[in-house]
Amino acid sequence: MRPSEDDEPQSWWIASTAIPLVAATTGPLANVMSIVALVMPWRSKILSTDGAAGTSIQEGYPDPRWDTVLNAVSLFCGIVGNAFLLFNFTQIVRYIIALPVTIILWFIAAGILSGITIATHIYAPPVGIDRVYSQAYWSAVIAAILYFVLSVILMINMLGYFLGKYPQHFALTNEQRTLILQMTALVIWLLIGAAMFQRVLGLSFADALYFSDVTVLTLGYGNIVATSAVGRGLIWPYAVIGIIILGLVVESIFKFAREVHYDNVVRKHIEQKRQSTFERSVAFGELESSQEERLTSGEVITAPGLTRQKSEPNRHLHYRPIRNTINAIATARRPRILIMREEKDRFNAMRRIQHDTMRFRRWNNLIISLIAFGIVWSCGAVVFWKLEAMTYFESLYFCFTSLLTIGYGDFTPESNPGKPFFVVWSLIAIPTMTMLISEMSDTVVAGFKRATEVFADYLVLPQSRVYKTCFGRIPGVAQFVRSREEKKRKGRGFPLEGADESGNGETADHEESGQSNTQREDFAESYPHPSLEELVRDPTPLELAQQLAFAIRRTSKQAREGKRNRYSYEEWVEFTRLIQFTDPRARSSPSQRNEASLLMIMKTNMELSIGTGSARIVPCWQNRQSLSGF
């Protein structure tokens, strides 16, 4: 078993992170069902029935005394078990003490509820055609199921601890702690609403809880409504506060799901892609260096402290990119253009990994949300199909309109087991639907938005650059457009700051000045970017000054447009060179600048080689001095 201060990587992430948080957020729902089972009789007498609506007016009659006493003991065990789980999260009580206490108490609560429901069914059942089990009885059944399921999954968490999969504490983030508190606040608010509307509207406690749930979830079926002025007045503050709490709960659940999914799924995908890219890079490097190794005898010299004999296994294979770069700096055997081409390949490879990871994260989140939505929708439909007077298609329709919070009211839960199940199901299902819609905003909605923007660029508000790019893909037309731009650029020359295009030296008005700035920005935008072969050559200070002017115009225009722009490797090399040119501390000779560039390339290779265990994509690329920055 691992001690509490152990910070080594954890496995069994579902058991170590998701299971305790699910138990902490679902435990209060089980407590609510236990409270309903305690404050109401378990058997009811039907006074009247509305055949058209399918509703009935019921009146409960007293239960046996042993039933009430055992029910109170079960509720006490459930609440104390939930409290010990919270003490475990806040590290007030040790894990090895708090979690077994929670499991034992919840098992006792589930066993007591199961025992008294079975005993009631055998020894004191509702006898007669007008006698039925009330919502309290079915709430006790639901609470027993929840207590049992939560105890079992917590035992899985303890099994992982005893097997040494994670240490004996929960390292909760602020969002996870907030989620537990917000879910507890939501449950308490539902209980407050149930107690309040029970007195004001003259409902049973279970019906008042159902009414509070429907109000907070903005469903508004209309089968239970406020008829008095006091009840309608209380709905205003109650609904507003409840909707705010529910929104906070949904947001916290969404953040937690994304955080857990990124840490345990997306990161593994990133590492697999980086590892495969690195292995291909090493294989290519081995092919290049094989001829060089044949010229060496006995020992291959690498970085200080990194040597390998020819007969030694390939356990230092991942240091070869570092060795190649250091050898290039030390012996100058390889031309600079070859090193920059290799660095460009790595830059583009990391770009592809970044793009693929973003696409994988978005679509994987959407698929998981769709699966969760499908499970909640279909399973809920099956239960309501069995409990209510609905066909399976009508049950699917009812669940779908409830998930979307439409609430037409043509189908509503009316049976005694259906209403308490709906309270638990809705508090789980509607946040799931909200997360699905949020995930769709990153994929389906974003794709639809891009399609409308493209349609607007071509037809509604035509953009000249769009047509220029489109026709520029045609070989003949592209050559014509390029030659035409060259002629315009030669005719304009190099536009000076503050001078108009005619060059007469007179001050132009505001409209002509704006047009002149636009023309100069277009001229700077069309200025050809240096190729990789041109970047190898050391430019003169005059050329650097000219490149700096064009770079400032291009970047300032892109910043004003507010659109994300992905710069190429050549552009980043150019920007790095210009930053060094404008920084007085970076003044150096061309040979020193070449050596500094090669050292930066070596740093990138080291990150690609050794840093494959990092969760980020090459942290050194965030440095503004790096040639491979994103």
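Modeller: Let us start with a term: buried means under 20% relative accessible area, exposed means over 50%, and partly exposed lies in between, with a 1.4 Å probe and protein chains only. This is a predicted model, in which local features need pLDDT of at least 70 and side-chain atom pairs count only at pLDDT 80 or more, while totals for chains, interfaces and linings use all residues. Residues are numbered from 1 along each chain as its sequence is written, and side-chain values use heavy atoms, with hydrogens and water left out.

Colleague: Why does Tyr567 count as buried?

Modeller: Tyr567 has a relative accessibility of 15%, and the limit is under 20%, so Tyr567 counts as buried. Phe575 is buried too, with a relative accessible area of 12%.

Colleague: What makes the pair of Phe197 and Phe211 edge-to-face?

Modeller: Rings of Phe, Tyr and Trp (its six-membered ring) pair if their centres lie within 6.5 Å, and planes under 30 degrees apart count as stacked, over 60 as edge-to-face and the rest as tilted. A search of the whole structure finds 29 aromatic pairs. For Phe197 and Phe211 the centres are 5.0 Å apart and the planes stand at 80°, so this pair is edge-to-face. Both Phe197 and Phe211 are buried. Tyr567 and Phe575 also form an edge-to-face pair, at 5.2 Å centre to centre and with 85° between the planes.
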